Amino acid sequence: MTHDTIKAAGLSHRPKGYTVDQDKIISPVETIARAKAAFARLGQGVLAETRRIDTGRLGIPVFLSICGEEARSVMPTRKQMGKGASPEQAEASALMELAERFSFFSFWRDEARFLAATWTEAEAEYGDTLIPISVILQSVGETLSEADARRILDLVPWRFIKVRDVAAGKDVAVPLDWFKILNEFNGSSAGNCFEESVLQGACELVERHVCAVIDRERRVVPTIDPAGIADPVLVKLLAAFDSQGVKVWLKDFTLGQPVPTVAAIAYDPATFPHASEIVFTAGTAASPAKAAIRALTEVAQLAGDFESLSNYEASGLPKFTSLDEAAWVLDGPLVPLDSLPTIERADIAEELAELAQALGRLGHKLLTVDTTHPELGLSANYNIIPGFLFRERTPAASLGLFTGRLLAEEADPATADAGLAALAEIYPSAPFVPFFEGVLSLRLGDAEAAAAQFACAENLQQSAEDKGLAAFYQAHALSQLGRFEDIVPILDRAIGLCPEVKEYFNLRGVAHFKAARYEAAAADFAAALELDSGSAMDLANLGLCQARLGNGPLAEHYLEAALKLDPSITFARDELATLQRQ
């Protein structure tokens with residue numbers, strides 16, 4: 001990569017200053033000092049503290065960064081986890097995760113930075129610098145005519161802003177909230193400089209994409225032969241698992257992308273399933289060894305040292321409850337780690353330029369917008385690769401589906417009605433049309449109409465997940481009418497279709513509780529907690545059930561646990577006070 005290429009991309013040379021377990025321009029010790037100094041400038045409101053949380057069994061450190069009050073008012077998360085092969089790198093990672101999230105959510109709160117406009121208005125404003133409408137269609141893999149796409153994009157105003165096309169080294173205008181609807185905060189990043197941040201964000205987008213493809217298609221991919229691994233940090237990490245009897249498989253998830261992705265699946269035969277879980281995750285980096293290190297340290301981050309009853313939330317890859325479920329992952333021929341591709345260079349800017357150009361040759365743009373918080377001053381970005389997938393996004397994505405959601409949830413009723421009618425013309429018999437008509441009816445207070453529309457949507461849906469969601473919304477609408485007996489069979493159907501959604505169990509638990517079926521209600525709230533052990537409302541509900549069943553001490557235990565997580569649950573506090581008086 002020549003100096004001219006770096007300059008043409010608008011990047012600055014960034015020689016690596018640290019390459020032990022991750023590639024950075026400075027050491028993790030320096031990163032910690034810089035980050036803590038930056039947070040200190042904002043007082044105690046953003047960073048409350050960092051804390052090491054691993055048990056020490058594996059010897060692989062895991063840190064938390066805890067949000068202060070100001071950060072909690074901006075962000076939906078309260079803590080961030082950090083990983084690394086050393087305590088310094090893990091703490092630096094936790095700090096930069098907070099910088100990334102705080103910067104991202106603060107960025108979106110400033111409406112003045114955006115131009116609110118329909119697509120046609122944006123064409124008049126930006127001219128040739130507006131991203132082609134074909135890129136918007138590519139982002140959801142859709143083959144609509146450009147005329148229909150423009151008609152849909154004119155149904156609502158979008159938030160336009162200039163972003164950087166990394167390979168071309170120029171700014172283009174995009175409807176950024178369109179990509180936020182698709183990707184949420186998937187693609188946000190932070191680093192010690194612009195180039196480091198963007199490279200990390202781009203690698204995470206590649207990781208999420210290949211994981212989504214492999215998961216959806218159940219592809220059999222190569223297994224990496226541990227015998228040929230020479231990187232000293234990677235060897236040490238694998239030995240840490242092996243010394244505790246934890247079995248680990250490394251998989252080649254690269255799928256022809258320019259950068260390598262290594263997946264890791266691990267479990268402890270001695271503690272599974274009573275005290276640990278099967279952990280399945282992945283990492284992407286410029287070199288195969290660094291990708292594998294990212295995957296293994298992520299395993300340590302999620303696993304709770306395979307002894308602490310941890311219950312991690314699946315993200316990017318599914319969560320297996322048995323080795324039989326994971327059998328398709330474990331299959332595949334052995335390959336050496338160095339058979340995976342690499343873009344490793346001594347300069348991070350060179351790696352970023354190479355990745356952006358290689359993605360371009362595959363037909364994908366790497367776009368980024370600088371989200372650095374002006375007072376914090378730690379480099380942060382929101383990165384986009386239109387057309388890339390991630391597991392949490394519905395496979396049935398379309399321009400109409402996501403625009404319909406905006407219309408139903410945010411537009412004034414007349415605009416929403418007209419817009420949904422237009423979508424019905426463009427997408428005849430599409431299940432999302434009656435679904436969003438139901439959402440709009442709920443907004444307008446017509447739960448009876450909403451229930452019928454959700455029932456219609458359920459009949460049109462193709463996937464079990466989407467059928468289950470439509471059934472749940474039908475039950476939700478009927479619950480607003482007080483028809484709790486009617487919703488139990490509907491929720492039975494939703495849970496049968498998709499048994500991994502805690503909200504389905506929660507609502508069925510409420511229905512059983514209303515009918516004084518406290519044992520059944522308690523079972524549903526317990527099932528919801530199996531899926532999300534940190535759900536304060538389900539803990540509180542379970543406490544109420546135990547109180548009605550006459551199990552006072554157990555009820556107090558659950559109510560106290562709920563109030564510890566969320567002191568604002570008034571009914572839990574009142575019930576606990578009653579029990580304590582008795």
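Helix α11, residues 288-303, lies across β2 and β3, and the angle at which α11 runs to β3 is about 135°. Before I go on, please keep in mind that this is a predicted model.

So what are β2 and β3 part of? They belong to an open sheet of three strands, in the order β1-β2-β3, and the pairing is antiparallel. At the edges sit β1 (47-52) and β3 (79-83), each pairing on one side only. If you look at how neighbouring strands of this sheet are turned against each other, the average is 20°, direction ignored.

Let's stay with β2 and β3 for a moment. Strand β2 covers residues 62-67, and five bridges join β2 to β3 in the antiparallel sense. Would you like a pair to find on the screen? Pick Leu64: its bridge partner in β3 is Met81.

Now let's zoom out to the whole chain. How many helices and strands does the chain have? There are 24 helices and 14 strands. The chain is as compact as a globular protein of its length, because its radius of gyration, 25 Å, is close to the 25 Å that the globule rule gives for 582 residues. Along the principal axes, the C-alpha trace spans about 70 × 60 × 55 Å.

Notes:
Residues numbered from 1 in each chain as written. Predicted model: local features only at pLDDT ≥ 70, side-chain atom pairs only at ≥ 80, totals over all residues. Heavy atoms only, no water. Pairing = 2+ DSSP bridges. Helix = DSSP H or I, 4+ residues; strand = E, 2+ residues; numbered from the N terminus. Axes fitted to C-alpha atoms, helices over the stretch in contact; angles between N-to-C directions. Contact = heavy atoms within 4.5 Å. Rg over C-alpha atoms; globule rule 2.2 N^0.38 Å.
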